[in-house]
Every structure is written in structure tokens, then in C-alpha cells.
Amino acid sequence: MTQSMIRPVTPADYREYARRRLPGFLFHYIDGAANEERTADRNQSDFGRWQLRQRVMRDVSGVSTAARLAGEDVALPLALAPVGLTGMFARRGEASAGRAAARVGVPMGLSTVSICSIREVQAAGPAVWFQLYMLRDRDLVLQLLEQAWESGVRTLLFTVDLAMEGVRHRDIRSGMVGSTLRARLGRAWQIVSHPRWVWDVGLRGRPHTFGNLGFFDTASNDLNAYKSFIAGQFDRAVTWEDIGWLREHWQGRLYIKGVLCEEDARAAAERGADGVVVSNHGGRQLDEVSSTIGKLPEVVAAVGDQLEVLLDGGVRSGLDIVRAVALGARGVLIGRPFVYALAARGEAGVHDLLATLQHEMTVAMALMGVTQVNELNPDCLQYCGPERV
Ligand SMILES: Cc1cc2nc3c(=O)[nH]c(=O)nc-3n(C[C@H](O)[C@H](O)[C@H](O)COP(=O)(O)O)c2cc1C
């Protein structure tokens, strides 16, 4: 952090604040990705392959970032991505982020493994998109769907890229996982050396159970149990056939999150999904796969006329949102950026970050000579990356 930083503004600034505020193992859990973390890096850097085209002398007095996502009006084409355990990074984290999302006018994705329950987040005011992992216990899945529907949720993100959890070396290095004495002492030390987090989140942020699953207590600080829960309950046997089952039990909109190629996008369309999220889980699953922005044009060409295509991974500015939308995404989701802001400054941090992204987007559109989000198209960009094969 430079000495002159009085207040964080960009995701990179908030990341630096979050690094200081959080016990190390929690920061690295958010910040880290799979294996050598190359895909996570590429998610961000590949946006640079597309330059924006400046256009002048077009009346841009009515510039607006307003858009429609999942059938609802939004202030800008963005939603908060579902991020598990958000309530461990800030006090009642999902509800605080939800309040900020509601104030700005964007939807909020809520993870199956969130700390706050669907009801608690709905009460904070945002349009909630519930994110489902397929659990082996289908009765539990049905209960989750029922809870979501009864709380007023109408959009389901079904995440399909977690057949096994990715290999996260950082979680071992940081002591996030491991039950040896050394790992436990390391975690304990990281916790006691962050008294502010202990007071604000560790004590006042309780209960640290999974709000939607009820039975699971993360308060032991031993997140090994969380990892074994994922390994034990997440169903690896899921196939496209299960979408039929899901469709029978979910009357609302259904988005398949974690699609990264045209074949899978077509399969989602054939099975009656309403949309896909082009995602590689923020580079946390299979390292060395393509960036999401790199795959967006392929997916849009395959299913863009049938499905709502969203993208997440590496979106770090309003300019990135402009690029994704110009390449055919209806909107984007952001994961780490809002969690850093939440860990740094709570609801105010998320609110201000969203306002910054919206401002950046507004200015970019005006200077590109575009006033409406649906006017953004590939001609607004210039490809300057490596030659495409
Ligand atoms: C700490 C963390 C936890 C996550 N937990 C979930 C989750 O529970 N469910 C899910 O579908 N995606 C989860 N994701 C992935 C995000 O929804 C999203 O795809 C990803 O963060 C987008 O990349 P970005 O962080 O570069 O914006 C998680 C991501 C992070 C960083």
C-alpha cells in the first residue's frame, strides 16, 4: 500500500486492505486459486487483449448503465458472485454485501455454503440468486430449493465445475487446512494477531454455521471439516440428465454456472436452461484452462441467441464490464473484488466499490460514444491479442 492511500478505491486497493485485516489463512483462501494460479492470472490479463475504441462527437448526454439481468431491471449489468463462507470475512458478511447490492440496484448470488441464511440475506433487500451445489442427499437439495423459493428467490445458479475441489496449494501453505499441531498453532496465531477481526467477526459475527444447511459449525476454526463436507456431500456423479430433475423441482430461472466451451453451452441450452455463466470458478478449479473472457466469444456464437450469457472471472473494473458486454455477455459477476471490499470496509466498502465500477463504466461508454448498454457490440472493441486460430 502506498503511504498516500487515504482510502481504497479499486479492487487492488481493497485487496491490500483485506490482506491486513484478515487472518492470513482467510485472506489466502479468498485470494488463492488452483495449482500455479495461472488461469486466475489470465482471467484478469486477457481482458487486455481487447482495446476500447474511442469515438467522439456523438451526443452522449443520456448515457446510462441500466440493464436487465435475469428478467429484472438493474443499475448496471453486474451481480455479486456467490462466495462461500463470506460471513467469515466480515460480520454477517452476506447480509452486509446484500444491503450494499440493494442500495446500488444489483442482484446478489448467495452460495449454498453461505454463513447467512437465504432469509437473512433477502431481508437485507437485494434480489437474491441462490447458488446450488448438487448434494448427494437429494432431500436436502429439495429443502434448499424450497427454502429459496419460499424466501422469494426466483433465480437459481447451478454450479457445475466442482466435481472435485481444485488443488489449492495456498491453503496448505497458509495453514487453512491441516490438523497438525503446527497448522493449528499457525491458525491460532494468525487469529490472535488480528484482534479487530476477532472482535468484529469472530465474536460479534456469530453464529458461524452454514445458514442454509443448519447443521454445520465452522466456529471451531478448523476448516478441515468444511473441506471434508465438500468432499463427502458434493455429488460427483452429476450429469446433464440431472438438469431434468432440477427443472422438475425448480419453477424459476435456471443458469448453469461453470460453462467454458461451446459444447457444454449447447448442452445447457438443450436441457432447457435459461442462461449460462461462462466461469472457471475464478481459476480455483482446473488451472491452465482458458480465461473466461477468452472463451466468451465462442459461447456467445454457440448459444447467444437462445440463452442469457453471463461471465465471471477477472472482472476488475468498469472497463472490463464494457468489454464483456461488448463481446456478447448480458452481464458479469464479481467475486473476489466485492469480498476484499467487504473485508476492508463492510457494507460501505461494497457500496463504494460498486459505485466506482458504475462510474468507470459510465465514463467509458460516454467516451466510446455509446449511451445504452445494449448498443455495446464487438465493433466497439479492437482485438489486439495473439492471432486467433
Ligand atoms: C473465496 C471464494 C469462494 C467461492 N465460493 C463459491 C461458491 O460457494 N459457489 C460458487 O458457485 N462459486 C464460488 N466461488 C466462485 C465465484 O462465484 C466466482 O465464480 C469467481 O469468484 C469469479 O472470479 P473473480 O473472483 O475473479 O471475480 C468462490 C470464489 C471465491 C474467491
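This is a predicted model: local features need pLDDT of at least 70, side-chain atom pairs count only at pLDDT 80 or more; totals for chains, interfaces and linings use all residues.
Residues are numbered from 1 along each chain as its sequence is written, and side-chain values use heavy atoms, with hydrogens and water left out.

**View 1. The salt bridge between Arg-170 and Asp-31.** A salt bridge is defined as a side-chain nitrogen of Lys or Arg within 4 Å of a carboxyl oxygen of Asp or Glu. By this rule the count comes to 27 salt bridges. In the pair shown, the N to O distance is 3.0 Å. Arg-170 belongs to helix α7 (residues 169-173) and Asp-31 to helix α2 (residues 24-31), so the pair ties together parts that are 139 residues apart in sequence. Helices (H or I, at least four residues) and strands (E, at least two) are DSSP runs, numbered from the N terminus. Both Arg-170 and Asp-31 are buried; buried means under 20% relative accessible area, exposed over 50%, and partly exposed in between (1.4 Å probe, protein chains only).

**View 2. The salt bridge between Asp-274 and Arg-247.** The side chains of this pair meet at 2.7 Å, N to O. Asp-274 is in the loop between α12 (262-270) and β9 (275-278), and Arg-247 is in helix α11 (residues 241-249), 27 residues apart. Asp-274 is partly exposed, with a relative accessible area of 27%, and Arg-247 is also partly exposed, at 24%.

**View 3. The salt bridge between Glu-308 and Arg-330.** The closest N and O atoms of the two residues are 3.3 Å apart. Glu-308 lies in strand β10 (residues 308-312), and Arg-330 in the loop between α14 (318-326) and β11 (331-334), 22 residues apart. Glu-308 counts as buried at 8% relative accessibility, while Arg-330 is partly exposed at 41%.

**View 4. The largest pocket.** On a 1 Å grid over the protein atoms alone, a pocket is an open set of points where a 1.4 Å probe fits, with protein on both sides within 12 Å along at least five of seven lines; lining residues have an atom within 4 Å of a point. The volume, which is the space filled by probe spheres set on the points, is about 410 Å³. Of the 20 lining residues, Val-160, Asp-161, Leu-162, Ala-163 and Val-238 lie nearest the centre. The elements giving two or more residues to this lining are β7 (155-159) and β8 (253-259).

**View 5. The second largest pocket.** This pocket holds about 310 Å³ of space. Its lining comprises 17 residues, of which Arg-15, Asp-31, Gln-44, Arg-316 and Tyr-340 lie nearest its centre. Two or more lining residues come from each of α1 (11-21), α3 (38-45) and α15 (336-367). Helix α3 gives the most, with four residues.

**View 6. The largest nonpolar core around Leu-78.** A nonpolar core is a set of buried Ala, Val, Leu, Ile, Met, Phe, Trp, Tyr and Cys residues joined through side-chain atoms within 4.5 Å. Among the 125 residues of this core, Leu-78, Leu-80 and Phe-89 touch the most other members. The largest share, 14 residues, comes from α15. Leaving aside neighbours within four places in sequence, Leu-78 is in contact (heavy atoms within 4.5 Å) with residues including Leu-69, Val-106, Ile-321, Val-332 and Leu-354.
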